[in-house]
Amino acid sequence: MVYIKDLSKHVGEEVTLKGWLYNKRSSGKIKFLILRDGTGYLQCVAFKGNLPEEKFELADTFSQETSFEVTGKVKEEKRAVGGYELDVTDLDLISAAENYPITPKEHGVEFLIDHRHLWIRSQRQVAILKIRHRIVKAIRDFFDDRGFTLFDPPILTPNACEGTSTLFETEYFDLGKAYLTQSGQLYAEAGAMALGKVYTFGPTFRAEKSKTRRHLTEFWMVEPEAAFFDLNDDMDLAEEFLEYIVQTVLKDNQEDLKILERDTSTLEKVKRPFPRISYDEAVAILKENGVDFEWGNDFGGGDETIISSKFDRPVMVHRYPSEIKAFYMKRDPDNPKVALAVDVLAPEGYGEIIGGSQREDNLDLLLQRIKEHELPQEFFEWYLDLRRYGSVPHAGFGLGLERTVSWICGLEHLREAIPFPRMIYRNTP
RNA sequence: UCCGCGAUAGCUCAAUGGUAGAGCAUGCGGCUGUUAACCGCAGGGCUGUAGGUUCGAGUCCUACUCGCGGAGCCA
C-alpha cells in the first residue's frame, strides 16, 4: 500500500491505495473517482474494459466518503488534481457511506460546526490542521534549539492565576474548589528559577462569556519564561520566535496555503526587526485617526486593527498603564505609571497574538501589588518564595496558538484553527 | 451581562398579505477526459415554538427557544 503524497516515486508502477471517495464524476464508459487518503487527492480513472466489468459497475455504487481500495498504474497527468492519475485495474469496497451530510456545495457555519467530526475531512480543514501541526512543531523546535526546557504546569489549580478572568470551577475531593488553569505562567516562573529557560505548552481555559470570532473557552498557549531576561530581551525573543514560525510555514506548507488561498505576500514581510512602539505612541496613532481614546484604557479590537494597519509586519506595543495590567508585571523604574509589558499585534486585523512582560522580582513590591489587587496572599506564598530565595530579573510571554494559526492561515474565525472548538454555547461534538 | 441580526426541503437560499419554489444532495436514465462535470425524469415541507391581527400569515405584531455577529474581557 502506498500513500498519495509518495506517488512521484511510483510513476509507471502498479500500486494499491486505500482511502475515501472525495468526489465522483462519470461519463458513460469512463468514471473519475477522486480518492483522498489524508496525504492528498488522486484522480482514479476507470475506463470500461481496463478492469473487470463487475468492478467497473461497482464504482457506481460508491457514494461520497465510501472507503475503498484501488489498484492501478500511476502516471503523470497535468489535467488531474495533484498532477498524477491512476489507471484503475481493480477496485474493492471497504465500507459504504450513505447520505454523507457534507455535500460539495456551500454550507452554513452552524451546520458545519455541528458536523465538525466530518468537516475536518474536507480539503480546507485538512490544510489548516496540517499548518497547525507545523506551527506546533516549529514552536517546539524553536525553544528546544535555544536551550529552553519544556516545563508542564498543572491544569487544575487552587486559585485564579491573575485574579481577573472567570474560570471553570470543579470540586476537588475534600480540598474544596479547583479551577482549570487560565495560564501556566506563574508555574513557569518557578521553572525558570530551576532550569533557567523554560516553556509551557498546553491547553488553557477561560469561562468568560466572550461571543466573538476571536475567542474560544478552551485554547492552546505556549509560554516561554527566562531568568535574567528584561523586557528588551523578551521582545527580541518574541520577534525572532514569530519570524521563525511564519518563515517555517512558508517554507514547508506552500501547498496548504494555496488550498486556503492565503495571500502570502504579507507573511513574507514577517522579518526582524518588528516595529516597537510605546503605549503612548499607540494612543497618538489612534488620536491621529480620529479615535476618541482616553489614556489609561486598554485597546479594543477596533483600536488594535487601526494600530496594526500602520505597519506591514507584527507590531510590538510596550509599556502599558500598570493599572490595566496583571499584578505580577514589573513597573518601569523610569515611569511607575506604566508596566514593562508588551503585546504583539498581528497584521491584517488579527489582533493580539502575544502578551508578555518583565515580572516583578522585588518581594515587597509584589506583596503590595497583591494587596492592591485584593488577591488572597495565602495562595501566592509559594510564588512569593521565588522572590525570597535568590530572586532575579525575569520575563516571558504567552502566544495564543489558535490566533496564530488563524492569522497565518487567514481564517475568518478561530473555530477553524482547532480540531474541536469549545465555545460559550457549544461543547459538542 | 448588554446591543444588533437571523430561523422556509437533508444542505444553501428564493417567494408584493392571496396555490411553497430553485440549485445541490438522494434515486432512475444518458454521455469515452471530467475538474463543486453536464443533460433528462422522480421523490422530498405542520415555513423554530406558542399566542395575536386579518376573509386570508412564510410574510405583520407579542413572547419564548436556539443560533450568529459585535461590545466588555482577553490569547
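Four residue pairs make polar contact between domain 1 and domain 2, counting pairs with both partners at pLDDT 80 or more. On the domain 1 side of this meeting point, the residues that touch domain 2 are three nonpolar, two polar and two charged. Keep in mind as you look around that this is a predicted model.

**The two domains**
- Chain A splits into domain 1, covering 4–95, and domain 2, covering 116–417.

**Where they meet**
- Seven residues of domain 1 are in contact with four residues of domain 2.
- How much area is buried between domain 1 and domain 2? It comes to about 490 Å², with carbon and sulfur atoms giving 42% of that.
- In case you wonder about the area figure, the size of an interface is often given as the accessible area lost when the parts come together.

**A charged link**
- The count of salt bridges between domain 1 and domain 2 is one.
- Arginine 121 and glutamate 65 form a salt bridge, and their closest N and O atoms are 2.8 Å apart.

**Cysteines**
- Search the whole structure for disulfides and you get zero.
- As a reminder, a disulfide is a covalent bond between the sulfur atoms of two cysteines.
- Is cysteine 44 buried or exposed? Cysteine 44 is buried, with a relative accessible area of 0%.
- Cysteine 409 is buried too, with a relative accessible area of 2%.

How values were computed:
Residues numbered from 1 in each chain as written. Chains lettered and ligands numbered in written order. Predicted model: local features only at pLDDT ≥ 70, side-chain atom pairs only at ≥ 80, totals over all residues. Heavy atoms only, no water. Domains from an automatic or database assignment. Contact = heavy atoms within 4.5 Å. Buried area = accessible area lost by both parts, 1.4 Å probe. Salt bridge = Lys/Arg side-chain N within 4 Å of Asp/Glu carboxyl O. Polar contact = N/O pair within 3.5 Å; in protein donor to acceptor, adjacent residues only side chain to side chain. Nonpolar A, V, L, I, M, F, W, Y, C, P; charged D, E, K, R; others polar. Disulfide = S-S within 2.5 Å. Buried < 20%, exposed > 50% of the residue type's maximum accessible area, 1.4 Å probe, protein only.
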